[in-house]
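Good morning, and thank you for coming.

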Amino acid sequence: MSSRPLTPAGRRRSALAVLWRTARAGTPPGTPGLAERIRSLPAMVADSTGGRYRGAGRTRLAGAAAGLVYLLSPVDLVPEAVLPLAGLLDDAVVAAWVAGSLLTATEDYAAWRARRHPARAVGEPTTRRPG
């Protein structure tokens, strides 16, 4: 078996895969799963920006969005090509913060939804559609 060094993109994919497995394993029993939490993000943002849900502040949502833009952007504070370990470390720190923040926010949102609308699914927005 030959071991070739990973490219920066390969290392980033590996780090995201580890983060995904860790997030899935860290979901407490009785709480929504990771896929359900991801599906609930648009409803949480809509309820937050619409003033119906105050648990995820606009600052937290803006910070998470900025973190995602940073991770997806080709512009990097510490490029992997210049300092490979430090370049991956800054991405890992941002990814861990974004993931932790969104996991906490979606867990709080799911609890709020269950109290407010017990019969409604987590990912559905609270506003009614005309028709």
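Before I describe the layout, a word on terms: helices and strands are here runs assigned by DSSP, a helix having at least four residues and a strand at least two, and they are numbered from the N terminus. Please also keep in mind that this is a predicted model.

With that in place, the chain reads α-α-α-α along its sequence. In total there are 4 helices and 0 strands. The chain has 131 residues, and 27% of them count as buried. Its accessible surface is about 8700 Å², with 65% of that belonging to carbon and sulfur atoms. Among contacts between residues at least 6 apart in sequence, 55% join residues that are at least 24 apart.

Which residues make up the largest nonpolar core? There are 8 of them: A43, M44, Y53, A56, L61, A105, Y109 and W112. Two elements, α2 (34-49) and α4 (84-116), each give two or more residues to this core. The largest share, 3 residues, comes from α4. As a general remark, nonpolar side chains in soluble globular proteins tend to be buried together.

Leaving aside residues up to four places away in sequence, M44 touches Y53, A56, L61, A105, T106 and Y109.

I come now to the aromatic rings. A search of the whole structure finds 3 aromatic pairs. In one of these, the ring centres of Y53 and Y109 are 5.1 Å apart and the planes meet at 75°, so the pair is classed as edge-to-face. What does this pair tie together? Y53 lies in the loop between α2 and α3 (58-72), whereas Y109 lies in helix α4, so the pair connects parts that are 56 residues apart in sequence.

Y53 also pairs with W112, and this pair is tilted, with 4.8 Å from centre to centre and 50° between the planes. Because W112 lies in helix α4 and Y53 in the loop between α2 and α3, this pair ties together parts 59 residues apart in sequence.

The cut-off for buried is under 20% relative accessible area. Y53, at 5% relative accessibility, therefore counts as buried, and W112, with a relative accessible area of 13%, is buried as well.

Note on methods:
Residues numbered from 1 in each chain as written. Predicted model: local features only at pLDDT ≥ 70, side-chain atom pairs only at ≥ 80, totals over all residues. Heavy atoms only, no water. Core = buried A, V, L, I, M, F, W, Y, C linked by side-chain atoms within 4.5 Å. Buried < 20%, exposed > 50% of the residue type's maximum accessible area, 1.4 Å probe, protein only. Contact = heavy atoms within 4.5 Å. Areas by Shrake-Rupley, 256 points an atom, 1.4 Å probe, with all protein chains shown as cover. Phe/Tyr/Trp six-rings, centres within 6.5 Å; stacked < 30°, edge-to-face > 60°.
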